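Open the model in your viewer and keep the selection tool at hand. This tour goes stop by stop.

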Amino acid sequence: MERDPRIDAYIDKAAPFAQPILTRLRELAHEALPEGTEDIKWGMPHFLVGGKNVAGISAFKAHCALVIHGDGRQAAKGNGGMGGYGKIASLEEIPPELKVIAAIHAARDRVAKHGSATKGSGAPKPKPEIPMPDYFAVALEGKPEAKASFARLAPSHRREYLEWITEAKREETRAKRIASTLEWLAEGKKRNWKYENC
């Protein structure tokens with residue numbers, strides 16, 4: 001697996017206690033997924049196979065986390081934390097190597113079988129489109145660049161914007177969301193653009 005310099009930078013910026021933990025978890029991911037790739041997803045290092053998330057690691061103020069996609073929280077040690085392995089605050093708290101590698105292999109196998117590391121019978125069914133509210137259609141008419149950008153979005157990304165706008169309880173909240181939406185669309189951004197390539 002080729003090393004992504006962004007992950008090197010992530011580890012270098014982590015607290016001193018976290019650096020050896022993240023380094024070891026990364027080594028285990030490399031050992032388990034020699035065919036994999038590295039990436040940053042949701043602001044944290046991830047290990048992928050065929051472009052699909054298999055595992056991720058993260059550092060916090062006082063602990064690190066290991067996330068095996070599709071594992072859920074059933075393996076948690078009862079000490080909370082993100083992922084199924086609890087709060088890892090030292091090298092000694094990393095689960096046994098063979099257990100980690102086996103869990104990563106299981107997630108990789110779920111990706112091969114279902115197209116994602118989550119358990120189940122394949123990809124989720126697409127949600128139905130949300131009807132375009134008249135007030136948003138009028139707002140788009142006044143901003144041709146935003147309208148064209150919205151039309152180019154995948155149905156799931158259009159839905160994210162429409163859900164955000166239509167779920168506003170107050171008129172002024174909805175107006176602010178429409179204004180932000182028009183600005184972001186004019187710039188060619190998706191609804192959750194802030195979280196991309198963090």
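Before the first stop, one definition: a helix axis here is a line fitted to C-alpha atoms over the stretch in contact, and angles run from 0 to 180 degrees between N-to-C directions. Keep in mind that this is a predicted model.

**Stop 1: two crossing helices.** Select residues 144-152, helix α5, and residues 171-186, helix α7. Their axes come within 8 Å and cross at roughly 75°. Angles of 65 to 115 degrees count as roughly perpendicular, so α5 is roughly perpendicular to α7. Which residues in α5 and α7 meet? Show E145, A146, S149 and F150 in α5, then L182, L185 and A186 in α7. By class, this contact has five nonpolar residues, one polar and one charged.

**Stop 2: the sheet.** Now select the strands β1, β2, β3 and β4. They form an open sheet in that order, with antiparallel pairing. β1 and β4 stand at the edges with a single partner strand each, so one side of each has no neighbour in the sheet. On average, neighbouring strands are turned by 25° against each other, direction ignored.

**Stop 3: strand β2.** Select residues 44-49. Is β2 largely enclosed or largely open? Six of its six residues are buried, so β2 is largely enclosed by the rest of the structure. In a regular strand, side chains alternate between the two faces of the sheet. Look at both faces of β2: M44, H46 and L48 lie on one side, P45, F47 and V49 on the other.

**Stop 4: the partners of β2.** F47 stands opposite A55 in β3. In this second hairpin, G50 takes a positive phi near 60°.

**Stop 5: helices on the sheet.** Select α2, residues 18-32. This helix lies across β1, β2, β3 and β4, running at about 165° to β3.

**Stop 6: helix α3.** Finish with residues 97-114. α3 has 18 residues and reaches 26 Å from first C-alpha to last, close to the 26 Å expected. Which residues of α3 are buried? Highlight V100, I101, A103, I104, A107, R110 and V111. Their cover includes α2, β2, β3 and β4.

Definitions and conventions. Residues are numbered from 1 along each chain as its sequence is written. This is a predicted model: local features need pLDDT of at least 70, side-chain atom pairs count only at pLDDT 80 or more; totals for chains, interfaces and linings use all residues. Side-chain values use heavy atoms; hydrogens and water are left out. Helices (H or I, at least four residues) and strands (E, at least two) are DSSP runs, numbered from the N terminus. Angles under 35 degrees count as roughly parallel, over 145 as roughly antiparallel, 65 to 115 as roughly perpendicular and the rest as oblique. Contact means heavy atoms within 4.5 Å. Ala, Val, Leu, Ile, Met, Phe, Trp, Tyr, Cys and Pro count as nonpolar, Asp, Glu, Lys and Arg as charged, and the others, Gly among them, as polar. The expected span of a helix is 1.5 Å times one less than its number of residues. Buried means under 20% relative accessible area, exposed over 50%, partly exposed in between (1.4 Å probe, protein chains only). Two strands pair if DSSP finds at least two bridges between them.
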